[in-house]
Amino acid sequence: MQIGLPMSTRFPGRRFSVRRLFIFVAVVIALVCGTVLAVAYQVQAFKPLRTPWTGGYVDVTETPTFQLESRTGSGQKNLVLAFIVADDGTCSPSWGNYYTPDEANTDLDLDRRIAQFHKSGRTLMLSFGGAHNTDLARACSSAPELADAMGSVIDRYGARAIDLDIEGDALDDVASQKLRSDAVRILQERMSDRGETLAVWLTLPADRAGLTNRGVGVVQQALQSGVNLTGVNLMTMNFGVPSNQVSLADLSTQALQAAHGQITRTLLMSGRIATAPQVWGMLGATPMVGQNDEVDEVFTIEDAIALHSFAQANNLGRLSFWSLNRDQQCDSNYADWQTAVNFCSGIAQDTLEFDAILSSMRDGGADQVLADQVPALPQSSGTLSGADDPATSPYPVWSAQHNYVEGERVVWRHNVYVALWANRDYMPDAVDAQGQTAWRLVGPVLPGETPRELPTVPAGTFPAWDAQAIYDTPDRVEYEGVIYEAKWWTQADSPAASAGSDSSPWRPLTEAEIQEILGADRP
């Protein structure tokens with residue numbers, strides 16, 4: 001290197017010019033600025049601002065069953081149904097390792113209830129993973145295989161938004177993280193080829209410092225695999241700090257503020273630039289309402305109000321909570337309110353009070369797609385003006401002459417209804433002057449349905465009814481192929497005469513009771 005020589009000697013044939021240097025620097029600056037602006041423009045297209053939305057989780061397998069199909073249940077526009085996991089450790093989806101999709105349809109009438117949910121104009125999100133059972137990404141051997149398994153339930157339920165809840169062992173499994181991300185990219189590509197979109201949220205553990213290092217790694221992997229990531233949802237719960245020291249609302253906002261910086265840096269490292277509002281739109285929070293798993297931590301009504309205010313002020317992209325099953329006060333018979341359970345909150349509250357607070361003024365859709373992109377939903381097997389056809393009805397067509405018992409299902413005007421109590425000659429879609437009805441709408445008759453084979457016990461399991469015999473509770477008899485149980489002392493009263501009415505000494509067994517008898521008889 002020839003240090004110290006005149007400028008003309010270092011660059012033969014060219015003389016030093018301040019004007020040329022100025023032009024050169026100006027060109028370089030213009031190129032750099034143009035590149036930055038181009039990247040920023042691409043990122044603007046990559047992650048536009050969206051309407052914030054709220055969606056409470058529903059544990060599909062929890063008893064009693066949450067009536068997600070009911071308009072009078074949750075008032076939210078969105079629900080997050082949880083959790084889809086591996087069926088007995090195989091690469092086949094199941095609900096909580098309790099029900100395969102087919103079993104959920106048979107035992108929970110889930111397909112019909114989800115069809116009714118869609119008809120109300122609300123948005124469904126499916127949640128894969130969770131804290132328990134085996135994540136599908138850890139059971140499948142390849143990304144295409146996992147994409148097939150996930151795609152089967154996405155298509156079955158008409159979902160256009162998914163939630164990947166990654167915690168526990170799945171958070172430590174780096175190989176499964178890549179497999180999952182690759183499978184989601186494949187799913188998005190497949191759906192894009194069909195002219196559809198798939199919103200994808202990562203739900204990850206958090207502390208007051210934001211995402212854990214492993215959680216940040218999950219986000220990085222998703223971006224590296226080419227996932228079109230909608231957002232990152234923080235599990236703002238179980239911080240390990242007693243609520244009498246710091247409120248869960250304050251801990252949640254601290255976690256979100258820290259995560260905002262983490263996501264900004266992670267996007268930048270992956271070659272994306274996002275504005276502060278865009279990053280807030282990519283963030284979500286999910287508290288555990290009421291008593292948390294940590295005995296000293298309670299998410300109160302006041303916490304819900306404070307977190308909602310923070311979400312509104314910052315235009316937080318998503319606000320969820322665990323769970324709608326818990327959004328009610330515990331019954332007085334449940335004594336230990338400080339132990340977290342999935343069917344009540346453990347605090348004094350009105351039913352669905354957290355839902356009302358967290359969902360107010362946040363009405364975006366979880367899938368964030370235009371109305372004309374929403375897929376066609378299953379239609380009724382007939383028209384409302386036509387008569388119900390027993391051959392295409394999964395349950396008997398309603399009859400004014402039949403005595404119905406609580407839990408019995410019928411078809412009426414191409415919809416399925418379930419009896420709320422014993423009744424006769426009460427039309428399923430009728431409502432009296434006091435707003436009461438004996439029936440609850442479950443959902444439409446689906447295409448291709450045929451009469452469902454109801455369970456029956458083998459002949460001779462119970463003695464035939466005898467008009468001369470004396471019966472008392474809990475005696476059971478068989479009459480015309482139906483099993484009845486005596487409600488009190490009776491003689492010569494025919495079980496079929498007024499079965500199901502309050503005055504009858506007999507009641508027919510429910511389908512669940514028949515199933516229980518059949519299960520007890522199996523080896």
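**Confidence and overall make-up**

I began with the confidence of this predicted model: the mean pLDDT of the protein is 86, and 84% of its residues reach 70 or more. Over residues 1-16 the pLDDT is below 50, and I found 7 contacts for this stretch in the model beyond near neighbours in sequence. I noted a further stretch, residues 369-384, where pLDDT stays under 50 and for which the model has 23 contacts beyond four places in sequence.

I then looked up the totals, and the secondary structure comes to 14 helices and 22 strands. Of the 523 residues in the protein, buried ones make up 48%. Among contacts with a separation of 6 or more, 66% are between residues 24 or more positions apart.

**Strand β8 and its two partners**

I turned to strand β8 (residues 231-235), which is mostly covered, with 5 of its 5 residues buried. In a regular strand the side chains alternate between the two faces of the sheet. Going through β8 with that in mind, I found Gly-231, Asn-233 and Met-235 pointing one way and Val-232 and Leu-234 the other way, all of them buried.

Next I checked the pairing: strand β6 (residues 199-207) and β8 pair in the parallel sense over 5 bridges, and Leu-204 stands opposite Leu-234 in β8. Strand β9 (residues 283-286) also runs parallel to β8, joined to it by 4 bridges, and there I noted Gly-284 of β9 as the bridge partner of Asn-233.

**Helices α3 and α4**

For the pair α3 (residues 101-108) and α4 (residues 110-119), I looked up the geometry and found that their axes come within 6 Å and cross at roughly 80 degrees; the two helices are therefore roughly perpendicular to each other. The contact is made by Ala-104, Asn-105 and Leu-108 on the α3 side, and by Leu-110, Asp-111, Arg-112 and Arg-113 on the α4 side.

I followed an open sheet of 3 strands in the order β14-β15-β17, in which the pairing is antiparallel. Its edge strands are β14 (409-412) and β17 (439-444), each of which pairs on one side only. Neighbouring strands of this sheet are turned by 35 degrees against each other on average, direction ignored.

Between β15 (residues 415-419) and β17 I recorded antiparallel pairing over 5 bridges, with Asn-415 opposite Pro-444 in β17. What does α4 touch in this sheet? I found that α4 packs on the sheet by touching β15 and β17, and that its direction makes about 90 degrees with that of β17.

Another open sheet of 3 strands has the order β19-β20-β22, with antiparallel pairing. I noted β19 (476-479) and β22 (506-508) at its edges, each with a single partner strand, so one side of each is left without a neighbour in the sheet. The twist averages 35 degrees from one strand to the next. Strand β20 (residues 482-486) and β22 pair over 3 bridges in the antiparallel sense, and Tyr-484 has Pro-508 as its bridge partner in β22.

I stopped at Glu-485, which lies in strand β20. Is Glu-485 buried or exposed? The relative accessible area of Glu-485 is 12%, and because buried means under 20%, Glu-485 is buried. Not counting residues up to four places away in sequence, Glu-485 touches Pro-474, Asp-475, Arg-476, Pro-505, Trp-506, Arg-507 and Leu-509. For Pro-474, 11 residues apart from Glu-485 along the chain, I noted a C-alpha separation of 6.0 Å.

**Backbone exceptions**

Most residues other than glycine have a negative phi, and most peptide bonds are trans. Against that background I listed a cis peptide bond between Thr-63 and Pro-64, with omega about 0 degrees; Pro-64 lies in the loop between β1 (53-59) and β2 (78-86). A cis peptide bond also joins Trp-322 and Ser-323, where omega is about -5 degrees, and Ser-323 lies in the loop between β12 (318-321) and α13 (353-359).

For positive phi I noted Asp-88, at about 55 degrees although not a glycine, in the loop between β2 and β3 (93-95); Asp-88 is exposed, with a relative accessible area of 61%. Asn-97, also not a glycine, has a positive phi of about 65 degrees and sits in the loop between β3 and α3, where I found Asn-97 partly exposed, with a relative accessible area of 29%.

How values were computed: Residues numbered from 1 in each chain as written. Heavy atoms only, no water. Axes fitted to C-alpha atoms, helices over the stretch in contact; angles between N-to-C directions. Parallel < 35°, antiparallel > 145°, perpendicular 65-115°, else oblique. Contact = heavy atoms within 4.5 Å. Pairing = 2+ DSSP bridges. Buried < 20%, exposed > 50% of the residue type's maximum accessible area, 1.4 Å probe, protein only. pLDDT = per-residue confidence, 0-100.
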